[in-house]
Structure formats: C-alpha cells, structure tokens
Amino acid sequence: MFLPENPHRRIILHVDMDYFFAQCEERERPEIKGRPVVICVYSARGGDSGAVSTSNYEARKLGIKAGIPISRAKKTAPEAVFLPVNMELYRSISDEVMEMIKSHCGIFEQESVDEAFCDTTGKVSDFEEAGLLAQKIKDEIRQKAGLTCSVGVGPNKLIAKIASDYRKPDGLTVVKPGEASHFLESLKITELPGVGKKTGDRLNELGVKTIGELSKLSIDELIREFRQAKGIWLKQASQGIDDSPVVEREGTEQIGRMTTLKADTADPGVITEAINKLADDVHRKLEARKLSFKSITFVAISTDFKTHTRTHTLSAAAKDLDTIKNTAHLLAKAFLAEHPVLLRRVGIRVANLEAKKGQRTLVEF
Ligand code: DGT
Ligand code: CA
Ligand code: CA
C-alpha cells in the first residue's frame, strides 16, 4: 500500500481562534473592547432564557462561561455587553481567516468554525521552522483580520490540538516529538479531546487526574472500564500517540467564498466583477466534489462592518455556473437598490448541497 506520509515524522499545526464569537464582535464594535462581552443563545421562551455561547476573557474572569444561563450572567455582571449570536458574521470572518491559514499549509483541514489543522510536513524541515511558520500565520491573522489566535505545533493532531489550548489567548506552543510525554504528564485528563465529563468522572473515581497517571493504567484495565475502542484510544492518547491523518475536507452543508474589495464601493461594475470571480471559485469546488446546490446567498459587509445577506432558493437543485452568477447578480442588485451603503467585502455561498445523482450524460456511455 502506498502511504502518502510517514506517520512518525509529521509536523502538524493546530490553529484555534481565541474567544471567537466574542472577538468577532469586538472587531466589529471597537467601542466594547475592554468590557466583558457575552454572546448569548436566546431560547424561544423569550426574555433572558437561554445560555451563554461564549464570552471574552474579561467576562470569563467574572465566572461567565459557555453554557451558563444568560440570567445568571446578567446577575453576575449587569455592566457586561450582551449580544445575540450573529452566525453570519462569524462564518464570514471564519472564511477569511481559514483562507489565510490554508495558504500556508501543505494539507489543510478545517475542524470547526474557529479551528483548523495543517500538515506542514514537507513545507518546513523541522520544528523550529514550524514555530516560525506558526508565528507568521498568527501575524497575518492579526494584521489582516485583526484577530488573535492560539497555535499548537506537534508531531500529530492530538498533541498539536492540546498545545494550541496550552497558552490561551494569543499563545504559541511547540512540542517536539521527544517532549510529548513530558508535556502531557501534568495536564488534566480533560485536556484530552475525547475525554468528556462522563469519562473524566469515571477516571477520577479510579484516582486518575492527570494524563501522566492515565498513561500508567494498563490497557487491560482501560478496556475493562471503557470497552475495546475507547480503552485502546485512551492508552495511546495518554502516551501522545495519534496516527490520524490531516484530511482535506469541507463541510457538506455549504460552500462559500468571500473577498475584500480593493476600495469601499457601491459600484455595480466592481461588485459584478467580484461576484464573477467568486462564482467561478465556488463552482470549481462544487464540480470537484460533484455536488449540486439548491440555494444561493449573496453576502455583503458594509463599511460599518454590518453583515447583510440575501438568499434565493431554487425550485430544483442546480449545478451550473450561470445559475450561481445570475442569481448572485440579481441578489446583489436587489440589495444595492435597497441599501445605499458602501461595501467592504462581498461573498457568495451555495447551500443545500447534494451529491449529483443520475447525471451521467450520453457521452459517457
Ligand atoms: P477559546 O478558544 O477558549 O479562547 O474560546 P472560544 O470562544 O473560541 O471557544 P471554542 O473554541 O470552544 O468555541 C468556538 C466558538 O464556538 C465560540 O466562540 C462559541 C461557540 N461555542 C463554543 N461552545 C459553545 C456552546 O456550548 N454553545 C454554543 N451555542 N456555542 C458554543
Ligand atoms: Ca476558540
Ligand atoms: Ca474551538
């Protein structure tokens, strides 16, 4: 079998944006910087029912963290800034940042809205150089997107991910292969991604608090407690072993592209040109993955950093470039007619994606 890489000699980066949703809001509204900022998921019950999605570090110092009720957060810090989740904004900023990270990677894997792995094996020759590359990525994200992130560098995904969490916010931690055991030893077991509350509680009952202590349990004991797959995984993870590859993938929910215009503008010609380029890009991605779409969204960020979207849903799935372009142009035109604003960034997104079926043409037979 052909192995594309030697799993024992890899250099992996993990980038995790700091207090992401809240930091996006700080970027949009510089006046709130320095104050506690709380991002809220309001429930349908109205009022203050719902939970905190995330908060900035000022709010975290007061004990306001993801998951606590909004009402409790308001009691704790009535002076804080409370904002509802604005996913459209975070997604477009995420796209912006992910493009930057991707441009520095060998293999790129977006893990969530604010996290990505890079396999830089072959791009850099050692961990020193990888550390410099990580710093370069951090600098670019700070300069171009105005955001901080934390980066971990390690010999595999597991260690890179734990390392990115090690010095947050604005951290950079490099763990060389020989240092992995020492690095993990004193960390709490919950630092292992995959050890949630249930596993953590059970391990605590067994007297295991650190990853070092976990690594001393026998594989038999772990399998007895957690069954085969999890037991083996725990044993390996505690020793810093992880051979899972960085896999290029993209969410199947949607494919989007954004671009910053050369100057703030409302000029239909400039916007049309930008849309055409973005549509080409999105279409190429769809073709490569053999997907059709059913909805098209035009995204515009105005100079006041407000995000506006216009979506059109088709009556049947389509796959052609013209549908993307024409629909996006119409959406942009309608938006500009309604909003006399200057645009800073524009984007296109297609969604409701499906694998193309029954689309073999006669030519293929
Ligand atoms: P960090 O990485 O510790 O500086 O802080 P965050 O806020 O970036 O936390 P992270 O990386 O776990 O999550 C990324 C974003 O995902 C976060 O900004 C908000 C959202 N998020 C995280 N946890 C929850 C949650 O429990 N519920 C909801 N609705 N959203 C969450
Ligand atoms: Ca984060
Ligand atoms: Ca995250």
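## A cavity, a pocket and a ligand

The residues lining the largest cavity divide into three nonpolar, three polar and five charged, where Ala, Val, Leu, Ile, Met, Phe, Trp, Tyr, Cys and Pro count as nonpolar, Asp, Glu, Lys and Arg as charged, and the others, Gly among them, as polar. This is a predicted model, in which local features need pLDDT of at least 70 and side-chain atom pairs count only at pLDDT 80 or more, while totals for chains, interfaces and linings use all residues. Residues are numbered from 1 along each chain as its sequence is written, chains are lettered from A and ligands numbered from 1 in the order in which they are written, and side-chain values use heavy atoms, with hydrogens and water left out.

On a 1 Å grid over the protein atoms alone, a cavity is a set of points where a 1.4 Å probe fits but cannot get out, whereas a pocket is an open set with protein on both sides within 12 Å along at least five of seven lines; lining residues have an atom within 4 Å of a point. A search of the whole structure finds one cavity of 30 Å³ or more, and the volume of the largest cavity is about 60 Å³, a volume being the space filled by probe spheres set on the points, which are joined across faces, edges and corners. Among the residues that line this cavity are Glu88, Arg91, Asp95, Arg257 and Arg349. At least two lining residues come from each of helix H4 (87–102), strand E9 (254–265) and strand E12 (343–351); helices (H or I, at least four residues) and strands (E, at least two) are DSSP runs, numbered from the N terminus. Because domain 1 (7–19 + 89–180) and domain 4 (254–355) both contribute to the lining, the largest cavity lies between them, the domain bounds coming from an automatic or database domain assignment.

The second largest pocket has a volume of about 370 Å³, and of the 17 residues that line this pocket, Tyr19, Thr54, Tyr57, Arg60 and Ala66 are the closest to its centre. Its lining holds seven nonpolar, three polar and seven charged residues, and strand E3 gives the most, with three residues. Domain 1 (7–19 + 89–180) and domain 2 (21–87) each supply at least three residues of this lining.

Ligand 1 is surrounded by 13 residues, of which Tyr19, Phe20, Thr54, Tyr57 and Arg60 are the closest, a residue being near a molecule if one of its heavy atoms lies within 4 Å of it. The table gives polar contacts, which are pairs of N or O atoms within 3.5 Å.

| Side chain (N or O atom) | Atom of ligand 1 | Distance |
|---|---|---|
| Asp16 | oxygen | 3.4 Å |
| Ser53 | nitrogen | 3.0 Å |
| Arg60 | oxygen | 2.7 Å |

Taken alone, ligand 1 exposes 590 Å², and the protein buries 64% of that, with accessible areas taken from the Shrake-Rupley method with a 1.4 Å probe.

Methods: Polar contact = N/O pair within 3.5 Å; in protein donor to acceptor, adjacent residues only side chain to side chain.
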